[in-house]
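Have the sequence and the 3D view open as you read.

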Amino acid sequence: MNRLASETSPYLRQHCHNPVDWYPWGAEAFGAATETDRPILLSVGYSSCHWCHVMAHESFENPETAAVMNDLFVNVKVDREERPDVDALYMDSVQAMTGRGGWPMTVFLTPDGKPFYGGTYYPDRPRSGMASFRQVMAAVHEAWTNRRDDVTDQADRLTESISRSGRIAAGSDRAGVDELDRAAAAVKEAFDPQWGGFGGAPKFPAAMTLAATLRLHDRTGDSDLLTVVTTSLDAMAAGGIYDHLGGGFARYSVDRQWLVPHFEKMLYDNALLARVYLHAWLVTGNPAYRQVVDETIGYVLADLHHPDGGFYSAEDADSEGIEGKFYVWSRAELAAVAGADADEAIAWWGVTESGNFEGANILYRPVRGDLARSPTLEASRRALLAHRAGRIRPGLDDKILTEWNALMLATLAEAAAATGNPRWHRAAVANGEFLVAALRRPDGRWLRSWQAGGDGREAQARHLAYAHDYGAVVDAFTRLAELTGRSRWLDEARSAADGLHDLFWDHESGGVYTTGTDAEALVTRPKDLMDNATPSAQSTAAGALLRLGALTGEVLYTERAAAILSLLGDAATAHPTAFGQMLQAVDMSARGLAEIVVTGDRPDLVTEVLTRYQPNTVLAWGEPYPSPLWEGRRPGYAYVCRNYACGAPARTTAELARQMSG
């Protein structure tokens, strides 16, 4: 057993019995590399990554390959989800070297942490033009031994290259309405009109870009923009990327038509997608979108929910070592389980004798937009789900990450507010309480990752939280305040926003660094810019600070948001599919936020606000808190304020609706 057995990350612990002499990231590994004059072999992945499992089985579990690794390198394992700073830093270097990235990621570093060579998956033997992992290691060892000057020169140049993102300077103006029009045109140009989404295979859900597109439609009424959203949502909900029995979405589709997923299910995808479907339901009234919201949140609460209120990170793609085995069906098995209603179930979910995935069937809807099941189909779904539950389930990554939980909390809070679902309301409050209790130190410093005890380990939170975590917490707690009317959550949001400023703000160029001033020093201090699978720290912070500034009247929050928008607003409107979350903040800034205060005991007025799609509206109600919004207000009314001016007090829901629409 190596040094990974006591780690909080399930991914690291999966490798604790490898014959590889793994180190976790830290001073001990770098000290060993310096002392022995060996490069570091950095391997980065995550628990639900299929190809990470493949490389582990082929190479890390192989005693002969492990012997080479142990002889030539100091080997370091990193969970990209626990250490996004390390992952992003070295992913930039791999992309600079190879033009592409992904996981598993393998990077060779000098003993002081500078990258000089790397790639993604390496096979155990030469294959399809790829060198084997042992060949790669031999070549790296030869260069380190015989051409050290070339190696150090390459390392210096790569380190300089990856440090440039932290030095990007702000523009003179913030993006405005004209730039939003440019973004709308770019979205329509990138859109796949046949299958929805953007681009070809592999195809990712692009929840943030779809959310931004719905905002652009709200601003202009452009029906083509709404078509971008509805076509994409309909196609994804019909495809195999959606779990038609248990709810929830897989990470991405390997094809253009959303049929064959890469089967892992991530918390962040389901948080972001459930929110888009919620907003689309509020805009269109389409019951299919509400059904997807119900089933996706239902999946998270059933299968990714810790009893104390936190949400687990992911479920693997593999079951019994085979990708997708848990989810697929033969026609005969499905017919046997569905019984007398099998013909209807077979037609509804597109099941055939030959199958659509390696001889088996991924369930999907051949008819888009039609998700409403008959009573007999619903009975079949329940029977199939119960039968599937008897299979060996994919591995669960049960670490609880602050950022991903906050993304889910924001979605839960919005969904509970819009639908009045009391279970979702309770789950949102429980998650907020869990985050404060388990992932924040007594001194107020947030942490990144929590893991329950087991196998002789105590429950613990580890790793200093990143700017992503802080920004997501600010946003989640403002939305929890809007759901509950409790001032406590606004106080928590302000505290996190102040920490974001104090620990992460770049006082020279603007924006936030990934790591805090109290964090371990890497070869360069990273600052991520683009939205990827999750929103960038810049995007999350900009939107969250705009909303918090509107609720509290605190000028510093809006100034910091404006600085981020000056840094990246033009990039977001020029490249909306790479800056979907940032584009939402640009829209918020360009159009301005409406501030609504409901005073006294007026649940009817509160409901009138919360059950509408109002993307650029913030709501204060319930317990007053320090803010100009509350000053001089008579109880029993709603006040709608825009651009530092408020309308006449609204006494009825009809008056409030007219003012919100104005």
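Predicted model: local features only at pLDDT ≥ 70, side-chain atom pairs only at ≥ 80, totals over all residues.

Start with strands S8 and S9 (residues 314–315): they run antiparallel and are joined by two bridges.

Now bring in one more strand. The order S8-S9-S12 makes up an open sheet of three strands, with antiparallel pairing. Which strands sit at the edges? They are S8 (265–266) and S12 (396–397), each of which pairs on one side only. As a bit of background, the strands of a sheet pair through backbone hydrogen bonds.

## Rings meeting rings

How many aromatic pairs turn up in a search of the whole structure? The count is 23. Take Trp25 and Tyr90: their ring centres are 6.0 Å apart and their planes meet at 50 degrees, so this pair is tilted. Trp25 is in the loop between strand S1 (22–24) and helix H2 (27–36), while Tyr90 belongs to helix H5 (residues 84–98), so the pair ties together parts that are 65 residues apart in sequence. Are these two buried or exposed? Both Trp25 and Tyr90 are buried.

Rings can also link up into a group: Trp22, Phe60, Tyr122 and Phe133 form a cluster through ring pairs.

## Charges over rings

Next, look for charged side chains above rings. Arg391 has its charged end over the ring of Trp329, 4.1 Å from the ring's centre. Lys527 places its charged end over the ring of Tyr513, and here the distance to the centre is 5.0 Å.

Note on methods. Residues numbered from 1 in each chain as written. Heavy atoms only, no water. Phe/Tyr/Trp six-rings, centres within 6.5 Å; stacked < 30°, edge-to-face > 60°. Helix = DSSP H or I, 4+ residues; strand = E, 2+ residues; numbered from the N terminus. Buried < 20%, exposed > 50% of the residue type's maximum accessible area, 1.4 Å probe, protein only. Lys NZ or Arg CZ within 6 Å of the ring centre and 35° of its normal. Pairing = 2+ DSSP bridges.
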